[in-house]
Amino acid sequence: MYGQTITMRKRITSAVWALVVNAIFWIVIPYYLGAFLAGRVPESALTIPTFVYEFGILFIILEVGAAFYQGKAVAVPMISAVALLTVVYIWYATNGGVLGVETSGITLALSFRLMLYVLVLPSIWAAIRAPLSYLVWRRALKTEISTGPPAPTVP
Amino acid sequence: MQVKRKTPRGIWALRGVTVAIAVIVLLAIGTVVYSAYEDYTAVKAELAGGNQQAIGAAVLRGSTETVSINITVPNNGLYPLNVTLSCDYPTTNVVCQRTSVDVSPGGQGVLRFRMTVLDLTEFEGSDNQVINGTVAISMMPFVGLTVGTDFGGFVKPGGS
């Protein structure tokens, strides 16, 4: 929600919370998952690719920024960037919807390009929604300034 | 005391679109997973319970062996199913027919695949008895699975 006074204390709390949650999701879980897989199947190629951590760092920076600047215009491009980065990540992780594996003389190829479009649809919408949402709130606040603020509610 | 602002109508519209997209995505994923499971279970049951002689029969005439594969493909899912069998690199000694069957939801189709080894003696005597074949299963329009495997195992010395 835009146009509301958010205290610095709340901003810092939100940013720290975003940092912790994203660090667990993008760094801690992939690291321990990779260690677990390497321990269980030593000869296997099942390792966590480096790009997961690289994307993770970008996600953490943007999420922390968006949490810190919440309610301000500067948060809008960060929210959209997170959404677009999610699209790129999903596309990259699924090799554009074509996954293949070869084992014991059998080649398996799974193709799900259309399904991938469906999967990235919410993220694309989130990227569009952030600036639209900001514009709607800004317009509502401008109208409010010209007509006067709403009556305060007594708790 | 805090000023409580009324959520603008435009925000409700944006939320509505978000909910609609979420429902579409969940429905798409749910129906694809459900269909894949149902189709897999049905085809597995068909292959396990079917007459193996009818599924894969090899007829030897002289030195020419014809392998016939007849598979009933049921579609218990929600999306049309297409199954295609083909040989990737037919040799001069092996002739394959590319066969395809489209099965609409709730129906079943029969896939008839013929593979002819013109000279079985030459095939058995050769070092490379691999016939590269492809089984393509497509749950239209969302998912397609292609399995590349050796069809040489269908060739039975002396027929069956």
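This is a predicted model: local features need pLDDT of at least 70, side-chain atom pairs count only at pLDDT 80 or more; totals for chains, interfaces and linings use all residues.
Q: OK, then what covers the buried residues of helix 3 of chain A?
A: The cover over those buried residues of helix 3 of chain A includes helix 2 and helix 4 of chain A.

Q: And which residues of that helix 3 are the buried ones?
A: In helix 3 of chain A, the buried residues are Met78(A), Ile79(A), Val82(A) and Ala83(A). Looking down the axis of this helix, one finds them within an arc of 140°, so they line one face of the helix.

Q: How far does helix 3 of chain A reach?
A: Helix 3 of chain A, residues 75-93, has 19 residues and spans 26 Å from its first C-alpha to its last, which is close to the 27 Å expected at 1.5 Å a residue. Just after this helix, Asn95(A) has a positive phi of about 55°.

Q: Switching to Ala67(A), why does it count as buried?
A: Ala67(A), which sits in helix 2 (residues 50-68) of chain A, counts as buried because it has 23 C-beta neighbours inside 10 Å, and 20 or more are needed for that label.

Q: What does Ala67(A) touch, leaving out residues up to four places away in sequence?
A: On that count, Ala67(A) touches Ser14(A), Ala15(A), Trp17(A) and Ala18(A). Thr13(A) lies 54 residues from Ala67(A) in sequence, and the two are 8.9 Å apart in space, C-alpha to C-alpha.

Q: Now the two chains: how many residues does each give to the contact?
A: Chain A gives 26 residues to the contact and chain B gives 26 residues. Helix 4 of chain A provides the largest share of chain A's side, 13 residues, and by class that side has 20 nonpolar, five polar and one charged residues.

Q: In what order do the six strands of the open sheet run?
A: The order is 1(A)-2(A)-8(B)-7(B)-3(B)-5(B), with antiparallel pairing. Strand 1 (98-103) of chain A and strand 5 (99-103) of chain B are the edge strands, each pairing on one side only, and the twist from one strand to the next averages 10°.

Q: What joins strand 2 of chain A to strand 8 of chain B?
A: Five bridges join these antiparallel strands, and Leu110(A) stands opposite Leu145(B) in strand 8 of chain B. Leu110(A), in strand 2 of chain A, is also the bridge partner of Leu99(A), and six bridges join strand 1 of chain A to the antiparallel strand 2 of chain A.

Definitions and conventions: Residues are numbered from 1 along each chain as its sequence is written. Chains are lettered from A and ligands numbered from 1 in the order in which they are written. Two residues are in contact if their C-beta atoms, placed from the backbone, lie within 7 Å. Helices (H or I, at least four residues) and strands (E, at least two) are DSSP runs, numbered from the N terminus. Ala, Val, Leu, Ile, Met, Phe, Trp, Tyr, Cys and Pro count as nonpolar, Asp, Glu, Lys and Arg as charged, and the others, Gly among them, as polar. Two strands pair if DSSP finds at least two bridges between them. A residue is buried if 20 or more other C-beta atoms lie within 10 Å of its own, exposed if 12 or fewer, and partly exposed in between; C-beta atoms are placed from the backbone. Axes are lines fitted to C-alpha atoms, for helices over the stretch in contact, and angles run from 0 to 180 degrees between N-to-C directions. The expected span of a helix is 1.5 Å times one less than its number of residues. The arc is that of the directions from the helix axis to the C-beta atoms.
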